[in-house]
Amino acid sequence: MITFSVIGKSVAMVDAAGKTTGAGKYTDDFSLPGMLVGKILHSPYPHALIKRIDTSRARALDGVIAIVTGEDAPNRYGILPVGHDETALAVGKVRYVGDNVACVAAVNEEIADQALELIEVDYEPLPAYFDAEESMKADSDLIHENRPNNIEKDYHHVFGNPEKGFAEADYVTEARYLANEVTHAAMEPHSTLASFEIDPHTGKRGRLTVWSSTQVPYYLQHKLSLVLELPMSQLRVIKPLVGGGFGGKSEIIPLEIITAVAARAANAPVKITYTREEVFWAHRGRPRTIIDLKTGVKNDGRITSVDCKVIQDGGAYCSYGVVTILYSGALLGALYDIPNIRYDGYRALTNKPACGAMRGHGTVNVRFAFESQMDEIAATLNLDPAEMRRLNLLKPPTVTANGLRVLSYGLPECIDQVVTRSGWKERRGKLPKGRGLGMACSHYVSGAANSIIRSDMPHSTVNIKIDRDGGVVVYTGASEIGQGSDTMTAQVVAEVLGCSLSRIKVIAADTDLTPIDLGSYSSRVTFMAGNAALRAAEDVKKDIVTAAARRMNCTPEDVVMRDDRVWKRGAASTRMGAISSPAEVSSGHVDGQILRGSVLQTRKQEGSKNNMSFEEAVVSAIDFHGGLTGTGSYAPPVEARGGKHKGAGVGPSPAYSYSAQVAEVSVDEETGEVMVHKVWAAHDCGRALNPVAVEGQVIGSVWMGLGQALQEEMIWKHGLLMNPGLLEYRSPSSVESPEIECVIVESVDPEGPFGAKEAGEGSLAATIPAISNAIYDAVGVRLREAPFTPERVLAALRAKRGMKKIEMTEGVDPTQPKSFREHGGSLWFRGKGPERHPEDPARHGAAAGGAR
Amino acid sequence: MKKELIELRVNGRTHELAVQPNSVLLDVLRQELNLTGSKRGCDDSSCGACTVQVDGVPMLSCTMLAASFQGYEIMTVEGISDGAGLAALQKAYGDFGGSQCGYCTPGFMITVRWLLANNPDPTEEEIRQALSSNLCRCTGYSQMYQAIRAVIEAERTDSKPELAGAKL
């Protein structure tokens, strides 16, 4: 058995002290001399033509340095090459309440706010679309002229023979499921600081440096280059600490481009930090989704065929939408063995903020439908839901019907773990009235095997520099966003080099310093950047080992790097697993000796040839090789890149994580309130490189799923978001958060770094259906619309008993939802919104730009 | 608005500052004193990221006028440790994963410090109640409880907290 010294040990994040002392810097914590504050004017209309913008009165205000509008940077961009439909600021047309119209750069926030009031905009309102199914019927006043019927993209996939599969089935069921819209609500509002410098040779404006709260510095550099018409080499993007991403910072957010455009116009550094309300408008969260799902099974529970139609309400811009709608279909595969699949996916445009990638990208809402329907089938056929899932397991290594390669597969053990720990067999169905257990499973990619920008470039590259001081500097483009990216990188390198963590300094996510990396999204960092770090460390280790072998008169194969020293095999310390500080195993160097060179070194070490300090080995290697650097990169293997059909690029991954969960809930039948008592979550992460971090990711995912299951939803009225605040958009507080028991399952993936796979997203999707299945077990109602708010649960309970329908849900029974409703059927909040919304009572009497 | 001269005592040091009467404490701390540990998460006192202690009581600096707090002892997250090492609570949050992205952490540090100062042996329920003034979007709070319990345990047994890797 391999024993590791750093891998598999719970260690504090390498940046933990900065976070707990307040010393760590996030983008908004930076300022520059002469820096201006930027403020953005947003559209009060969901869909309107801009007839005229007059900024003259605002420009006349003392302290206003620059005002920019769409004409100042009209180049189109978008995160996907197929979806370049955004401009920094609206050009000719606004498409949602909150769309970006103009930006003021002023000496302080107060003056910038005053200036916004003085900008006059004449709008000509257009008919607007708020419901995806309605929007898809549109033939005029399209949101984007080149998208007929307001459909961003549709896909129609057939794998195997679905008709034959249904014909062979003993039992077929179908239903419609709805999942309302949710958003990341990361604690840090987006922030960007942009500053140009003067080129010494031309004497004109030259390079631009941007500090931004981004998950992907490289994509930001790429899109800034498109919009500003600057070569990428003239752009430097630096990612300071990021206060949570969850996908919401994985693409280019309007302020990131607007800040740079404003800095260019103002000839001064500009910083823009969103207000919380603006964060909600920037959005890019998980779309409202309609899932029409049909499943066929044999009497024993074996799935024969699945037919799934998904409509996503994508909002006003493409964003990651094409990828989201593909994930929804692609990840029907790779969890269970489904021989026949039909998938029809529609990404619709509506006049609301754009939806994008959010934790569990594209898979979560479909998984809610799928796992719920499995539970329904199990109930009808009188099967144990756990047994039904076991019956439909994949037999890896395998390639699924839709072309996904699965190697490591810890799902069976995940199911065993939660079944045992929750007392599933003994307790299910025997709990007191109103209390129940529910089970569900989920999975997720460990990074996408195909990058969104098609090329042959590696997905991750890591460079390492070691110098005579014995310090190991690791350069990675991977983005630490709180998930532990920097710590993982340091651990992998420390393990390979047999050195302590304190020796390692990680320089990350700075496009001038670090090699290109596709950043932190689709749970790719551990697998891809981790593999690159592993290869870089092995590359540099090779040089240390050959030099050390020469010094110790042995073959390189007999050199062992361990416990912060370099040993001749057989002489290695027996203190296995100790993580010691460099001081502890001090080599006895005299100050200055390292720099004075190898002559003294050689003399000093004569007589002691069976081990040496890390520093001595490094000095020997530099003297021998003339420098000590290593580089490693990772690109997913061709076999993992999926099939050939249209849209096959999304879904394939070198490895998939697996999760099984059991939730225990009780339902108050008088109020409809659901209380989750405990969730047992088993997650197969391949190998846990840092167990405390894996546990944190799994618990965090389950907890976020819990929010979507019970209380989080974005509530709309006429395209106006009614709850754009952290009190109104209710993510669970500590009093509402149950105990979550996390079980780490290690399937040891053959291609992952030390066998590791993803841990940060895969567990989220199972939580929602686990809770809905538990509600069914508790009170016998099947909720097919998420979240399961008290109003919905009560409406379902009353419908079941044939009682009077409740007004809050407009009489709709959430066990059989048909379409989304304005106001969502939730009265958690009283609602608030921008005062300039045309239907806001506060606006009446004010000068209007034309009422709708 | 014309600025006025005020005196603020923050983390044991007195600062003479010219601020507008409508300046909120959070902005003065972050922009005038460069104490950027306190964070702005919501603008409307709903998230707790800006929590500071005023005469030992946690308060939300994003909705407090700076000029109203002359003569009070204000403590920000920067004042928790002595600069030479981490306080036990800070160490425990790192070791047990109580902090992920870290943006909410300064607020939690202030809130938990107040809790433990006033109730050295809180029940699980009391910890949950105390923490409900602060939102975290990463952790689901579970690992924070482990960190807090480790600090309480270390305090009770009067042992030097040996926290690293204690879990798992």
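In this predicted model, 17 residues of domain 1 of chain A are in contact with 20 residues of domain 3 of chain A. On the domain 1 side, helix H14 (485-497) and helix H15 (525-552) of chain A are the elements that give two or more residues. H15(A) supplies the largest share of that side, with 6 residues. By class, the domain 1 side divides into 6 nonpolar, 10 polar and 1 charged. The C-alpha centres of the two domains, domain 1 and domain 3 of chain A, are 41 Å apart.

The domain assignment makes domain 1 from 16-22 + 457-634, domain 2 from 31-126 + 188-243 + 249-282, and domain 3 from 148-183 + 284-450 + 642-809.

Let's look next at a sheet of chain A. Its 4 strands are ordered S21-S20-S19-S25, and they form an open sheet with mixed pairing. Strand S21 (504-508) and strand S25 (629-634) of chain A stand at the edges with a single partner strand each, so one side of each has no neighbour in the sheet. From one strand to the next, the twist averages 20°. H15(A) packs on this sheet, where it touches S19, strand S20 (472-476) and S25 of chain A, and its direction makes about 150° with that of S25(A). Within the sheet, Thr461(A) stands opposite Ser633(A) in S25(A).

**A buried strand**

Is strand S1 (residues 36-42) of chain A largely enclosed or left open? Of its 7 residues, 7 are buried, so S1(A) is largely enclosed by the rest of the structure. Both faces are covered: on one side Leu36(A), Gly38(A), Ile40(A) and His42(A) are buried, and on the other Val37(A), Lys39(A) and Leu41(A) are buried. Leu36(A) has Val270(A) in S12(A) as its bridge partner, while His42(A) stands opposite Asn100(A) in S5(A).

| Strand | Partner | Sense | Bridges |
|---|---|---|---|
| S19(A), residues 460-466 | S25(A) | antiparallel | 6 bridges |
| S1(A) | S12(A), residues 270-273 | parallel | 2 bridges |
| S1(A) | S5(A), residues 100-106 | antiparallel | 6 bridges |

**Two crossing helices**

Two packed helices are described by the angle between their axes and the distance between the axes. For helix H10 (residues 364-380) and helix H20 (residues 764-779) of chain A, the axes come within 8 Å and cross at roughly 35°. The crossing of H10(A) with H20(A) is right-handed. Which residues of H10(A) meet H20(A)? They are Val364(A), Arg367(A), Phe368(A), Glu371(A), Ser372(A) and Asp375(A). Facing them in H20(A) are Leu764(A), Ala765(A), Ala766(A), Ile768(A), Pro769(A), Ser772(A), Asn773(A) and Tyr776(A). Sorted by class, the contact of H10(A) with H20(A) has 8 nonpolar, 3 polar and 3 charged residues.

**Between the chains**

How many residues of chain A are in contact with chain B? There are 47, and they are in contact with 45 residues of chain B. On the chain A side, helix H1 (16-21) and helix H19 (691-710) are the elements that give two or more residues. H19(A) gives the largest share of that side, 9 residues. The chain A residues that touch chain B divide into 23 nonpolar, 17 polar and 7 charged.

Definitions and conventions
Residues are numbered from 1 along each chain as its sequence is written. Chains are lettered from A and ligands numbered from 1 in the order in which they are written. This is a predicted model: local features need pLDDT of at least 70, side-chain atom pairs count only at pLDDT 80 or more; totals for chains, interfaces and linings use all residues. Two residues are in contact if their C-beta atoms, placed from the backbone, lie within 7 Å. Ala, Val, Leu, Ile, Met, Phe, Trp, Tyr, Cys and Pro count as nonpolar, Asp, Glu, Lys and Arg as charged, and the others, Gly among them, as polar. Domain bounds come from an automatic or database domain assignment. Two strands pair if DSSP finds at least two bridges between them. Axes are lines fitted to C-alpha atoms, for helices over the stretch in contact, and angles run from 0 to 180 degrees between N-to-C directions. A residue is buried if 20 or more other C-beta atoms lie within 10 Å of its own, exposed if 12 or fewer, and partly exposed in between; C-beta atoms are placed from the backbone. A crossing is left-handed if the near helix is turned anticlockwise from the far one by less than a right angle, and right-handed if clockwise.
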